[in-house]
Amino acid sequence: MIPDPRQTPIEFPASLDRQLTQFRAHVRWRKMLEATGIAVLAVLVGFMAVFALDRVMDVPAWFRWCVFALALFGIASIPVWFERWVLRYRTHSSLARLIARKSPQFGDALLGAIELAGNPNEQSRSPGLCRAALEQVASETSRRNLRESAPDAHPGRWWSIANATLVVLAFAAMSYPMAAWNAWQRFS
């Protein structure tokens, strides 16, 4: 017996799945790298503030607590970024909505094809049309660089500032090791 093509479930094109998976990994990597850079910078700037002000005056405890709280706030932002950029964008449809922010027409076409692939009612009505739509979107996607549709991320900027701050702090710590140790203890 020859299987009825209307009853055979339509498979999501492997090339499209691969591209969306790579896009998801790219967005996750860049955004989490950015979040980590911000957290590291928050700690370094907090320590630098305590170190610098300790050289000029006796820093009150409330100020050190405020600086420490701001540094912790920077670190605590990592789970927020994780939820926003890793957990929210687990499905292909959520990735299509993300792509639609920068490329509305393409993102909407991609979302429509993804919804067709997951809707058995539409597949049973016109399986040939569903296959054609998926193939067309897969073909268009293969000609695109999805990374161009990724949200703006500036991990290099945050890590450059963090590295510059670390160099300044390392120089200061080598010049005044006891003061740096004392400031670290007071900071933490």
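Is F187 buried or exposed? F187 has a relative accessibility of 4%, so it counts as buried (buried is under 20% relative accessible area, exposed over 50%, partly exposed in between, with a 1.4 Å probe and protein chains only). The close-ups below come from a predicted model, where local features need pLDDT of at least 70, side-chain atom pairs count only at pLDDT 80 or more, and totals for chains, interfaces and linings use all residues. Residues are numbered from 1 along each chain as its sequence is written, and side-chain values use heavy atoms, with hydrogens and water left out.

**View 1. W184 and its aromatic partners.** The structure holds 8 aromatic pairs (rings of Phe, Tyr and Trp, the last by its six-membered ring, with centres within 6.5 Å; planes under 30 degrees apart are stacked, over 60 edge-to-face and the rest tilted). One of them joins F47 and W184 edge-to-face, at 5.3 Å centre to centre and 70 degrees between the planes. This pair links distant parts of the chain, since F47 sits in helix α1 and W184 in helix α8 (residues 177–187), 137 residues apart. Helices here are DSSP runs (H or I, at least four residues; strands would be E, at least two), numbered from the N terminus. F47 counts as buried because its relative accessibility is 11%, while W184, at 34% relative accessible area, is partly exposed. W184 also pairs with F187, this time tilted: 5.6 Å centre to centre, 45 degrees between the planes. Those two are both in α8, 3 residues apart, or about one turn of the helix. Zoom out a bit and you get one aromatic cluster made of F47, F51, W65, F68, W184 and F187.

View 2. L53 belongs to helix α1 (residues 14–56), and its 30% relative accessibility makes it partly exposed. Leaving aside residues up to four places away in sequence, L53 touches V59 and F63 (contact is heavy atoms within 4.5 Å). The axes of α1 and helix α2 (residues 61–87) come within 9 Å and cross at roughly 180 degrees, so α1 is roughly antiparallel to α2. Axes are lines fitted to C-alpha atoms, for helices over the stretch in contact, and angles run from 0 to 180 degrees between N-to-C directions; under 35 degrees is roughly parallel, over 145 roughly antiparallel, 65 to 115 roughly perpendicular and the rest oblique. By class, this α1–α2 contact has 19 nonpolar, 3 polar and 4 charged residues (Ala, Val, Leu, Ile, Met, Phe, Trp, Tyr, Cys and Pro are nonpolar; Asp, Glu, Lys and Arg charged; the others, Gly among them, polar).

**View 3. α3 against α4.** Helix α3 (residues 92–102) has H92, S94, L95, A96, L98, I99 and A100 as its buried residues, and their cover includes α1, α2 and α4 (104–118). The α3 and α4 axes come within 6 Å and cross at roughly 165 degrees, so this pair is roughly antiparallel. On the α3 side, residues making the contact include H92, A96 and I99, and on the α4 side they include F106, L110 and I114. The residues of this contact divide into 8 nonpolar, 3 polar and 3 charged.
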